[in-house]
Each structure stands twice: as C-alpha cells, then as structure tokens.
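Notebook open, model loaded. I want to work through the helices, then the sheet, then the chain as a whole.

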Amino acid sequence: MTSPQTPRYRVHPSPIGDIMIVEREGSLVTVHPFDGPVYAEVARLSMWLRAAVEQQHPEHANDVISETITQLEQYFAGEREAFELPLDWSTVRGFTRDALKAVCEIPYGETAGYGEVAIAAGSPRAARAVGTACAHTPFSIVVPVHRVVRADGSLGEYGGHPEIKKYLIDLERRTSE
C-alpha cells in the first residue's frame, strides 16, 4: 500500500523529448526533460528523494500531474507564457533557490545574462553560481532557465542539449511577436 507521501511520476512526450513529471503531496518535485531509459531516471530520482518513486497510470491521474501536462501542452502550442503550478521547493536551498526565483522573473520571449540573474538574486558576483543553479534546477521549462544566456548573448548549454535551449527560446520569440 502506498502512502499519500509517495512520490508519483508520469512521463510525457513533448517536442523536446520525454519530460519526467514527479509530484508528492500535491506539489511538483521535478519537471524535466531526460534522456535514457525511464527505469534509470526513476532510480536516480528515488535516490535523490530518498523514497521509492512510483508510476502513476493515466487512468489514476491526480490533478497536479494532469494540470502540468495541460500547461506543458499549452506552452508548446504557444498558448501559455507562464506556468501556474504548485512547486515543492524543499529540495532547493540557499542561493540556488534565490537564483531560480530570480529566473522566474525573466519575461516570456526575453533572455537575461547569468550576471543579471545574479544581481536580481542579490549576489552580483555569483554569475557562475547562477549557471550551476540553472544546470541543477528540478523544474526545467516551468522555471525558465532556458532564458538565461551568456554575457555575450550566446545561448550556452542546457543540460548538454543547447539545441533544446534554442528551440525553447525560438518558440517563445515566435509566439510573442
């Protein structure tokens, strides 16, 4: 028997690949694109959360995962500019949390440099730490770390997939025109 605190996941296909959606107690623990086999990602998440992560079948979908899927589909269709989802920030601490909260303030269709985000997060000399925060966010897309670019305007990495970052930025620029 599973407890209400048991993290549950669904994998949702998207234009940028499969997206792992994990919720616990009515809030999202993580939303991120991933490569590789699902079982390996579930094992990694179970270790990270220190709890067995169980699959949620579509016929037993809860409101948070269903709403996340709806909002992701709207975003990829160019119909949504901001996400309104309950995020579980308990796994994100200190400056990483401050940086990711500052990233949430970057307007749809625009970008900001790592240094600009560091200033907004209250630590003007922490541009590299912003990069680390973006690289380790549990909330890709929902927290728009793809909008953070290098000081020279070049895109930089996105979990080893700069083509995904480019896709997301281009999607937002096209739909915001």
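I started with what the buried residues of α6 pack against: they meet α2 (63-76), α4 (114-120) and β6 (148-149). This is a predicted model, so I keep that in mind for every entry here.

Which residues of α6 are buried? I get Ile-164, Lys-165, Leu-168, Ile-169, Leu-171 and Glu-172. They sit on the same side of α6, because the arc they cover around the axis is only 155°. I noted that Lys-165 and Glu-172 are on that buried list.

Next I checked the length of α6. The helix runs over residues 162-176, which makes 15 residues. From first C-alpha to last, α6 reaches 21 Å, close to the 21 Å expected at 1.5 Å a residue.

**Helix α3**

I asked the same of α3 (residues 94-103): which of its residues are buried? Ala-99, Leu-100, Ala-102 and Val-103 are. Their arc around the axis is only 155°, which puts them on the same side of α3. The cover over these buried residues of α3 includes α4, α5 (127-135) and β6. I see α4 and β6 listed as neighbours of the buried residues of α6 too.

**Ser-66**

I looked up Ser-66 and found it in helix α2. Is Ser-66 buried, exposed or partly exposed? The relative accessibility of Ser-66 is 31%, so I put it down as partly exposed, given that buried means under 20% and exposed over 50%.

Then I went to the strands. Four of them form an open sheet with mixed pairing, in the order β3-β2-β1-β4. The edges are β3 (27-33) and β4 (54-55), each pairing on one side only. For reference, strands of a sheet pair through backbone hydrogen bonds, either parallel or antiparallel.

I went through the pairs one at a time:

- β2 (residues 19-24) pairs with β3 over six bridges, in the antiparallel sense. Here Val-22 stands opposite Thr-30 in β3.
- β1 (residues 8-12) and β2 run antiparallel and are joined by five bridges. Val-11 has Met-20 in β2 as its bridge partner.
- β1 and β4 run parallel, with two bridges joining them. Arg-8 has Glu-54 in β4 as its bridge partner.

I also looked at the turn from β1 to β2. The two strands form a hairpin with six residues between them, and Gly-17 in that turn has a positive phi of about 115°.

**The whole chain**

Last, I stepped back. I count six helices and six strands in the protein chain. In order from the N terminus, the elements go β-β-β-α-β-α-α-β-α-α-β-α. The radius of gyration is 16 Å, close to the 16 Å that the globule rule gives for 177 residues, so the chain is as compact as a globular protein of that length.

I wrote down the span of the C-alpha trace along its principal axes as about 50 × 35 × 30 Å. Of the 177 residues, 46% count as buried. Among contacts with a separation of 6 or more, 57% are between residues 24 or more positions apart. The accessible surface comes to about 9,300 Å², and 50% of that belongs to carbon and sulfur atoms.

Methods:
Residues are numbered from 1 along each chain as its sequence is written. This is a predicted model: local features need pLDDT of at least 70, side-chain atom pairs count only at pLDDT 80 or more; totals for chains, interfaces and linings use all residues. Side-chain values use heavy atoms; hydrogens and water are left out. Helices (H or I, at least four residues) and strands (E, at least two) are DSSP runs, numbered from the N terminus. The expected span of a helix is 1.5 Å times one less than its number of residues. Buried means under 20% relative accessible area, exposed over 50%, partly exposed in between (1.4 Å probe, protein chains only). The arc is that of the directions from the helix axis to the C-beta atoms. Contact means heavy atoms within 4.5 Å. The radius of gyration is taken over C-alpha atoms; the globule rule is 2.2 Å times the number of residues to the power 0.38. Accessible areas come from the Shrake-Rupley method with a 1.4 Å probe; for residues, only the protein chains shown count as cover. Two strands pair if DSSP finds at least two bridges between them.
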